[in-house]
Amino acid sequence: MLLKKMTRIRLPKARTRKAEVEELRARNAELEAANRRMTALYEQISEELEQTNQGVVALYAELEDRTARLHEANEAKTRFLANVSHELRAPATSILGLCRMLIDPPTGHPALGEPLDPERRHQVELIRTSGRDLLTLVNDLLDLAKAESGRMEPNLTEVDVRAVFGRLTGLLRPMVRDGVELAVEDPGAAGHLFTDEVMLTRVLRNLLTNGLKFTERGEVRLSAREEDGEVVLSVADTGIGIAADQLDKIFEEFYQVRGPLQAEVTGTGLGLPYARRLVRILGGTMSVRSTAGRGTTFEVRLPRPKVGRALIVDDDAAFRLVLLDLVKGVADTVEQAADGQEGLEAMRRSRPDVVFLDMRMPAMGGARVLEAMHDDDLLREIPVVVVTSAEVGLPPGGAVAVLQKSALSRTELLRVIGACRR
Ligand code: ADP
């Protein structure tokens, strides 16, 4: 009975196995075929990828080449602007001087003869107005060329924003037309800034002048606020606004939006590119938003970098001195350490607000210092600026910014300290 049962069971099983084997074979063949197709596809894709890669590399090289050429062209333009405006300044100044003498002749000057009759006087005054416009243009060009040359370094001091606002209001009051209010808000918590006062004043004066020029009714409002450790200065007007497709262009040299009000007011189209350049020198950014017919708001975002204690960790004594000189401008006290171990000890001792850390040091390199800081509850939160001669991005391990040794400047310092504050 049992045997019978087993036989009965076995027979179908044997058949099933055979079928299974067949099926498996078939599947295997299918799989192999699929595999071959996949391999072929893979090879094809690899080849295409390789070709694309080569294309990207070539494109990249071309892009670099174009960037370099653009850079050269830009430098040539800056040199040209600087030279031409220098040459134009002297004759423009002479014209103005001569006009003044003709309109108001110095008494007892025989060569100038009688005072001018009213018609002639009017004509000479027109010459003088044109001469002044010319001189303004030439001066604006010179300023821009200077700012673009990269040779302009900010002179950093503690700036009283409230006082700057006060002086600007006094200066611009005569420009305010009827029906427009120049509103100045108290800067409150954003009242102190560590920056270049002259540059800041130039930027705000430019923006306010534009606001007043392009606003026929309503107000031009100057305000400051603190945001993410930065100071945001805002100049908002209820004027004619700027169409969306023109918003980028207004930062180009000589660009002026065409329109009836624009035709009435004077300008060179150099104010905004200059202002934006200055803001960059101050380590900040400038943005604009506008609605045609409703008004325009310019915002200047500036880092507010003044730190208490800074620590420089670098084995190169000469470089430490260079950096020390620069950092002194933005920190109350600056300590130095000649290697990683000494740096860590200094950190534990005096808890600096920011550390400038060299990466390549003989005994203990920057990467290990970062690791040790990460493992230490007391040191983990100290912001680190990596200072390096290699052209690298942010290394892993908690640094907040990179300072390139080859591109050390106050502007760069402002930028990285601004990053530490965020
Ligand atoms: P300028 O004022 O000397 O013409 P700018 O570079 O300062 O040169 O400004 C460029 C152009 O941007 C202006 O001619 C104007 O068309 C536009 N613009 C600037 N500010 C404003 C504003 N607040 N409202 C409307 N348009 C503006």
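## Ligand surroundings

An oxygen atom of the ligand is 2.8 Å from a polar backbone atom of L272. This is a predicted model, in which local features need pLDDT of at least 70 and side-chain atom pairs count only at pLDDT 80 or more, while totals for chains, interfaces and linings use all residues. Residues are numbered from 1 along each chain as its sequence is written, and side-chain values use heavy atoms, with hydrogens and water left out.

The ligand is surrounded by 21 residues, each with a heavy atom within 4 Å of it. N210, D237, Q256, T268 and L272 are the closest. Backbone atoms of two further residues face oxygen atoms of the ligand: a polar backbone atom of V257 is 3.0 Å from one, and a backbone N or O atom of G269 also lies 3.0 Å from one.

## The aromatic pair

The structure holds 1 aromatic pair. It joins F251 and F298, with 6.5 Å centre to centre and 85 degrees between the planes, in an edge-to-face arrangement. Rings of Phe, Tyr and Trp (its six-membered ring) pair if their centres lie within 6.5 Å; planes under 30 degrees apart count as stacked, over 60 as edge-to-face and the rest as tilted.

F251 lies in the loop between β5 (230–237) and α5 (260–264) and F298 in strand β7 (residues 295–303), so the pair ties together parts that are 47 residues apart in sequence. Helices (H or I, at least four residues) and strands (E, at least two) are DSSP runs, numbered from the N terminus. Both F251 and F298 are buried. Buried means under 20% relative accessible area, exposed over 50%, and partly exposed in between (1.4 Å probe, protein chains only).

## Charges over rings

R276 lies over the face of F251, at 4.2 Å from the ring centre. At a second ring, that of F319, K405 lies over the face at 4.4 Å from the centre. A charge sits over a ring if NZ of Lys or CZ of Arg is within 6 Å of the ring centre and within 35 degrees of the ring normal.

## E299 in strand β7

E299 is placed in strand β7 and is buried, with a relative accessible area of 11%. Its side chain makes a polar contact with the side chain of R225 at 3.3 Å. A polar contact is a pair of N or O atoms within 3.5 Å; within protein, one must be able to donate a hydrogen and the other to accept it, and residues adjacent in sequence count only if both atoms are side-chain atoms.

Leaving aside neighbours within four places in sequence, E299 is in contact with residues including R225, V232, L233 and M286. Contact means heavy atoms within 4.5 Å.

## Nonpolar cores

The largest nonpolar core has 47 residues, and L204, L233, I250 and M286 have the most contacts inside it. Helix α4 (residues 197–213) gives the most to this core, with 7 residues. Apart from it lies another core, of 24 residues, among them V327, A401, L403 and I417. A nonpolar core is a set of buried Ala, Val, Leu, Ile, Met, Phe, Trp, Tyr and Cys residues joined through side-chain atoms within 4.5 Å.

Beyond neighbours within four places in sequence, the contacts of M286 include F251, R276, F298 and E299.

## Two loop residues

K306 lies in the loop between β7 and β8 (307–313) and counts as partly exposed, at 26% relative accessibility. M359, in the loop between β10 (354–358) and α9 (366–374), is also partly exposed, at 22%. M359 and D315 are 44 residues apart in sequence and 9.8 Å apart in space, C-alpha to C-alpha.
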